[in-house]
Each structure stands twice: as C-alpha cells, then as structure tokens.
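Hi everyone, thanks for coming. Have a look at what I'm putting up on the screen, and then we'll talk about charged pairs.

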Amino acid sequence: MQINEIKQRFGQFEHSVEDAVQLCQQDTHASQQLADAVRDLDREVHQAHDLVCGAQQESAEITSCIDRLEDMGDDVKRACQSASDLDRKTQDAMMSVHRQISDLKHQMH
C-alpha cells in the first residue's frame, strides 16, 4: 500500500474518530466504558498523527501504530455492542470507526 493512500485513509479515520467522540458525548445512553474507549482512541490517534502524516514511506513503526489503533477500535466496538439504548447514529459512528481502521490494517498486512 502506498504511503499517500495510508495518509489519506488515516485522515478520514481521524475525522471519523472526532465525530464519534462528539456523538458519544451527546448520547445520554453512552456507557462510561464506551466514552473511555472512544476518548482513549482519540488520544492515540492524535499521538499517531505526526508519525503517519509525516512519513515518507510505510514502515514497521506505522504498521505497529495502525495495529494498536485497530486493537483500540476493537475495544470501541465491544463497548458499543454492550451498551444498551445507544442512539442509532452513535452506534453507526462507532462501528464505522472500527471498520475503517480494521480495513486499513488488513490492507497494510
């Protein structure tokens, strides 16, 4: 996978995570577990931004970073699935975040 495609997909993922954080904060039915998982993912995405967006080529460090983010996306998915009465828009956003990072990881491997 070319680094420019990784950067583009990572940028889209960043925006999706930001949207998911906002929706989670607004959803009164979001569990603390889900809020924590999304907030942790958001923090990790911000830390990964410079690594991914400043890269000149794909590296083991970027692959490892995407793997970590995908694990955190799994946490978001599990927390979303165990939350009851979540707004459909919130659920869709959480599952989209998980799907995007999972797809990116699988294309990189």
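So, is Asp 36 buried, partly exposed or exposed? Asp 36 comes out as partly exposed, at 28% relative accessibility. For anyone new to this, buried means under 20% relative accessible area, exposed means over 50%, and partly exposed is in between, using a 1.4 Å probe and protein chains only.

Quick housekeeping: this is a predicted model, where local features need pLDDT of at least 70 and side-chain atom pairs count only at pLDDT 80 or more, while totals for chains, interfaces and linings use all residues. Residues are numbered from 1 along each chain as its sequence is written, and side-chain values use heavy atoms, leaving out hydrogens and water.

Okay, salt bridges: a side-chain nitrogen of Lys or Arg within 4 Å of a carboxyl oxygen of Asp or Glu. Searching the whole structure turns up seven of them.

Asp 36 pairs with Arg 39, with the closest N and O atoms 2.3 Å apart. The two sit three residues apart in helix α2, residues 32-53, so about one helical turn separates them. Helices here are DSSP runs of H or I, at least four residues, numbered from the N terminus. Arg 39 is partly exposed too, at 39%.

Also in helix α2, Arg 43 and Asp 40 are three residues apart, and their salt bridge has its closest N and O atoms at 2.6 Å.

Last one: Lys 105 bridges to Glu 70 at 3.3 Å between the closest N and O atoms. Lys 105 is in helix α4 and Glu 70 in helix α3, so this pair ties together parts 35 residues apart in sequence. Glu 70 is buried, at 7%.
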